[in-house]
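Please find below a colleague's note on the structure shown here. The points may be read in order, with the structure at hand.

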Amino acid sequence: MKAEVFFTDMRARKPEEASVKKLSRLLERSGVLDVVEKGDLVAIKVHLGTPGNQRHIRPHHVRVVVEAVRERGGHPFVTDTTGISLLSPRGDAIKVLRAAALNGFTPETVGAPIIVADGLKGFSGVRVKVDGFRLKEVEVAQAIAEADAMISLAHAKGHPRTGLGGALKNIGVGCLTKKGRAPLHLAKKPQVKPELCDGCGLCADFCPAGAIVKEGDAYRIDQEKCLWACGCWELCPRKAITGWSEMHHPSNEELCIRVADAFKAVVNLFGEGKVAYVNLAYDITPHCDCFPWGDVPMVPDIGMLASRDPVAIDKACIDLINEAPGLPGSASEDVGALGPGADKISALSEWGPFKPFRKQGGPMWKAYIEWAAKAGLGTPDYELVEIT
């Protein structure tokens, strides 16, 4: 059977067509609000953006979802998690909330509390068993694990490794702690290169796990104690610790597989029928919202989508992006994929800023969808139902 993906475009020629009103109708008619029961604590999972990147979802649209959940008798909270590396612009809860405020996301604008789900430094979570292709245990962010229901409110955009940042990634990566995310992105833990280490001790003082110890004139990382995601490699002035690119999986397909595993672990916590998905396909940049800058959109604004099937909604976004005409002066033109029907997402492997990811295969949206379907998360076969 085909999954239903409900869709409304972004055109507005009269007050009734304002995007906030269209989104409200989409939520009601698509049935995604049926995941909410009276008294539920409802996580509205978003990406709150990164300083310097102005291409993200609008607080006005988050508020529409908050108010719809409240009308159903739920108790909504808006949530996101910290990023890998304590030193990153989203490295701890204070940084995440600062970024949120800079981007216009505050309790006043969204109409609900904003909670950083994995705690102050990103280490607060619950270990969840999962029968995944690669992963057998996933650490899910604490506030996500304690919620009764969840609505994923994702910004549909490109990604240098999975091809699309949508519902699958918003849940499969965005609902994990630092320690939970690390094995998705990275194949191995950081190690000190003794020939480069001058014994300054900055890394040992920084490590929250006490995993970096001195041996002779250099330091060593205790692989058992290492939390894997704190960012010591960014701190070292001599680049004596293996860097992010050195720790990647050899193929981006491995990330796609592990996102599917982690997604399964998260949704299994909620039980059947307690998670729904909304993708906002506007300001569609070639890169994800974690980038500290925002390129111009690669295609015109497409619309807003809602579904109970995460695979179907992400596949629909991919198809709509690829079917749309590319915008002149954007990444679509940079990679020669302006024509409607051109596979713009795959073509991004040739985009200059994605060069560091090319050796791992570039954006792999086909693997992203294929492995999610194999994991039983949903179907790539869908029917697009237009809501006016």
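In this note, contact means heavy atoms within 4.5 Å. The model is predicted: local features need pLDDT of at least 70 and side-chain atom pairs pLDDT 80 or more, while totals for chains, interfaces and linings use all residues. Residues are numbered from 1 along each chain as its sequence is written, and side-chain values use heavy atoms, with hydrogens and water left out.

1. Pro183, Leu184 and His185 in helix H7 meet Leu255, Arg258, Val259 and Ala262 in helix H11. Helices (H or I, at least four residues) and strands (E, at least two) are DSSP runs, numbered from the N terminus. H7 covers residues 178-185 and H11 residues 252-270.

2. Strand E12 (residues 275-281) is mostly covered, as seven of its seven residues are buried; buried means under 20% relative accessible area (1.4 Å probe, protein chains only). In a regular strand the side chains alternate between the two faces of the sheet. Val275, Tyr277, Asn279 and Ala281 point one way from E12, and Ala276, Val278 and Leu280 the other way.

3. E12 has two neighbours to note; strands pair if DSSP finds at least two bridges between them. Strand E7 (residues 149-155) runs parallel to E12 and is joined to it by six bridges, with Ala154 opposite Asn279. Strand E13 (residues 303-307) runs antiparallel to E12, with five bridges, and Leu280 stands opposite Met304.

4. Asp283 lies in the loop between E12 and E13. Asp283 has a positive phi of about 45°, although it is not a glycine, and is buried, with a relative accessible area of 8%.

Methods. Axes are lines fitted to C-alpha atoms, for helices over the stretch in contact, and angles run from 0 to 180 degrees between N-to-C directions. Buried means under 20% relative accessible area, exposed over 50%, partly exposed in between (1.4 Å probe, protein chains only).
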